[in-house]
Amino acid sequence: MEPIAHIRTDFGTKFGVPRQSGIVSKLVGRIVMEPEYRVREAFRGLEEFSHLWLIWHFSEIKKEEWSPTVRPPKLGGNKRVGVFATRSPFRPNSIGLSSVKLKKIDFEAADGPVLWVEGADLMDNTPIFDIKPYLPFTDSHPEAKGGFTDEVLRTEEKLEIVNPEAIGRLMPNDKAEALIEVLKNDPRPQYHEDKDRIYGIDFCGNDIRFRVEGNQLTIIV
């Protein structure tokens, strides 16, 4: 398979990218098609759908062989489960699946049509293999069970940002609001509890550095 597009987002590296799509709805991305797919007719009717499925490549994962079990961060990085019971990027085929909201289609852009989407969990320049419409009558299952994630979500608390105004001084309001939501959802590995450790997120061209003590996150300026 060859990419049909690449998504442009505010994440320069993998660290900080939400663990699942839709967790931070304020995150905006642009899907820029490869030249041979910039055909207006290929998008006819897509504007009638509110959400899309993106099939993409974990392009930053470098591996030579796969493992039948992985350690999900949600389980503290200590418990192993089967790779097919997770959404780990370390899979036999490094393919990702994300559900995003379609904000608009820009047919007039120089590299258009460009799809503007919200809630993406992809780093900048991730290759996109395919785009499909989300169908609520068949894709939505409110009664579905979430396996080990159900218990984790019941006990998970969001972080409190001690000095959010520090972010507002670095970037526009819409970008600042998105980053604050990313930080509230705790981008650290689940098993990290070192209050003196300084973390950094490459977001919107800024090196955002922070530390966490207890349930409080402080931006380092």
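Which residue stands opposite Val32 in E7? The residue is Val114. This is a predicted model, in which local features need pLDDT of at least 70, side-chain atom pairs count only at pLDDT 80 or more, and totals for chains, interfaces and linings use all residues. Residues are numbered from 1 along each chain as its sequence is written, and side-chain values use heavy atoms, leaving out hydrogens and water. Strands (E, at least two residues) and helices (H or I, at least four) are DSSP runs numbered from the N terminus. Strands count as paired if DSSP finds at least two bridges between them.

**The barrel**

- Six strands close into a barrel in the order E1-E2-E7-E6-E3-E8, with antiparallel pairing.
- Neighbouring strands of this sheet are turned by 45° against each other on average, direction ignored; the axes are lines fitted to C-alpha atoms.
- E2 (residues 28-33) pairs with E7 (residues 114-118) in the antiparallel sense over 5 bridges.
- E7 is also joined to E6 by 5 bridges, again antiparallel, and here Ile105 stands opposite Leu115.
- E6 (residues 95-106) is linked to E3 (residues 51-57) by 7 bridges, running antiparallel. Leu52 has Val100 as its bridge partner in E6.

**The cores**

- A nonpolar core is a set of buried Ala, Val, Leu, Ile, Met, Phe, Trp, Tyr and Cys residues joined through side-chain atoms within 4.5 Å. Buried means under 20% relative accessible area, exposed over 50%, and partly exposed in between (1.4 Å probe, protein chains only).
- The largest core has 24 residues, and Leu183, Phe203 and Ile219 touch the most other members.
- H3 (165-168), H4 (173-184), E10 (199-203), E11 (206-213) and E12 (216-220) each supply at least two residues of this core. H4 gives the largest share, 6 residues.
- A second, separate core holds 21 residues, including Ala5, Ile31, Leu52 and Val117.
- Beyond its neighbours within four places in sequence, Phe203 is in contact (heavy atoms within 4.5 Å) with residues including Asp10, Phe11, Leu27 and Ile208.

**Around E12**

- E11 and E12 pair antiparallel over 5 bridges, and Arg211 has Thr218 as its bridge partner in E12.
- The two strands form a hairpin with 2 residues between them. Gly214 in the turn has a positive phi of about 65°.
- E9 (residues 160-161) runs parallel to E12, joined by 2 bridges. Glu160 stands opposite Gln216.
- In a regular strand the side chains alternate between the two faces of the sheet.

Note on methods
Axes are lines fitted to C-alpha atoms, for helices over the stretch in contact, and angles run from 0 to 180 degrees between N-to-C directions.
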